[in-house]
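Hi,

Here is the structure I promised to pass on.

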Amino acid sequence: MSFVTALECSRCPATFSPESPHRLCSKCQSPLLVRYALDRVAAIPVRERLAKRPPTLWRYRELLPVVAPEKIVSLGEGMTPLLKLRIRRKEGAVSELWLKEESGNPTGSFKARGLSVAVTMAASFGLRRLCVPSAGNAGGALAAYAARGGLESYIFIPKDAPEANIVECRLAGTYVEAVDGSIADASRVMAQRGAGRDWFDVSTLMEPYRIEGKKTLGYEIAEQLGWRLPDVILYPTGGGTGLIGMWKAFQEMESMGWVGKRLPKMVAVQSEGCAPIVEAFDRGSRHASPWSDPRTLAAGIRVPRPLGDFLILRALRQSGGTAVAVSEESIEDAIVEVAEKEGLLMCPEGAACWAAFRELLQTGWIQPDAVVVLFNTAAGHK
């Protein structure tokens with residue numbers, strides 16, 4: 001039974017039927033958000049039933065856009081560990097410090113969440129050819145889930161993306177084109193190649209379902225913490241789907257009475273070499289300006305201007321959060337520090353969160369009694 005009621009524009013009052021595929025709002029070209037009959041979900045004992053369900057993101061099926069279980073395209077994504085870190089906690093810096101370890105997902109990154117749901121919905125609508133520009137991990141995830149669902153995929157990726165990402169796409173039998181420049185350049189080339197073809201674009205926020213997969217991060221954190229929420233969440237922010245999705249999840253949970261009214265402060269973490277959200281946040285703008293010449297070791301957050309910039313900034317401000325840009329040197333140092341002290345090989349994007357945590361701790365923005373969650377979004381091996 002589906003509890004989806006409509007697709008709602010994130011900017012204007014327009015709504016659309018969830019019975020057919022949609023991309024952006026046809027009236028203002030903004031991202032669409034899936035809305036649910038939350039009162040009906042709240043009336044059934046979903047939380048009590050979770051313990052008996054498989055440990056995948058699809059355990060939250062009442063809050064996902066799927067009707068028939070046999071239509072789900074899954075590789076076992078979700079319910080990744082929430083690890084309590086010893087660093088800083090031993091030094092008495094914060095009350096609790098947790099790491100959401102997303103490297104255990106299929107294809108080794110958090111991108112598996114969004115692509116599982118997006119590919120599931122695409123297949124259910126009868127779409128056969130999907131395309132995406134990717135900094136790396138999203139391409140690998142689309143290649144895997146398209147293969148799993150029997151769909152074709154077309155991936156456009158910067159030439160300097162990690163080699164592991166390019167190899168995994170090609171091994172899955174997808175079409176891969178390496179492009180000079182950033183993900184913005186890959187998107188431009190994809191639009192040129194796809195003109196006149198029946199490709200469906202599943203890139204970040206261009207369709208409404210990747211957010212739904214990513215929002216399960218918020219549900220998992222709440223469930224893993226016994227339905228209490230942390231005070232602060234630090235998230236590496238490129239396209240920002242995960243941050244937007246989690247904020248959506250927390251608002252849904254509050255509406256259903258699953259959690260209290262005190263929601264986490266959301267922190268967008270970027271690199272000094274590509275920090276359009278930080279710049280926009282600091283100047284009080286609703287939108288980010290394109291970042292010229294983006295450069296960073298953390299390929300996943302090298303996004304010159306995210307499509308959902310206003311949604312990211314809205315979540316930061318509504319939550320009382322902030323945006324932080326860290327140096328490339330601090331990212332490299334964090335990779336080594338966490339590996340040595342915790343035995344975790346973080347990806348550069350996850351290491352950026354650790355660097356930002358240290359900075360916010362030093363400035364006093366994070367208080368000593370805080371419960372904090374950091375993210376490692378992908379395997380360091382990649």
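First, a definition for the aromatic part: rings of Phe, Tyr and Trp (for Trp, its six-membered ring) pair if their centres lie within 6.5 Å, and planes under 30 degrees apart count as stacked, over 60 as edge-to-face and the rest as tilted. Now the ground rules. This is a predicted model, with residues numbered from 1 along each chain as its sequence is written. Local features need pLDDT of at least 70, side-chain atom pairs count only at pLDDT 80 or more, totals for chains, interfaces and linings use all residues, and side-chain values use heavy atoms, with hydrogens and water left out.

On to the rings. A search of the whole structure finds 11 aromatic pairs. One of them joins Phe 156 and Trp 199, a tilted pair at 6.0 Å centre to centre with 45 degrees between the planes. Phe 156 lies in strand 7 (residues 152-158) and Trp 199 in the loop between helix 6 (183-194) and strand 9 (200-201), so this pair ties together parts that are 43 residues apart in sequence. Helices (H or I, at least four residues) and strands (E, at least two) are DSSP runs, numbered from the N terminus. Phe 156 is buried, at 0% relative accessible area, and Trp 199 is buried at 15%. Buried here means under 20% relative accessible area, exposed over 50% and partly exposed in between (1.4 Å probe, protein chains only).

Then there is Trp 227 with Trp 258: the ring centres are 5.4 Å apart and the planes at 80 degrees, so the pair is edge-to-face. Trp 227 is buried at 17%, and Trp 258 is buried at 8%.

The test is NZ of Lys or CZ of Arg within 6 Å of the ring centre and within 35 degrees of the ring normal. Arg 11 does likewise over the face of Phe 310, at 4.2 Å from the ring centre.

Phe 310 is one of the buried residues of helix 10. Eight of the 11 residues in that helix (309-319) are buried, so helix 10 is largely enclosed by the rest of the structure. What covers those buried residues includes helix 8 (241-256), strand 11 (265-271), helix 9 (276-282) and strand 12 (322-326), where contact means heavy atoms within 4.5 Å. Just after helix 10, Gly 320 takes a positive phi of about 75 degrees.

Cheers
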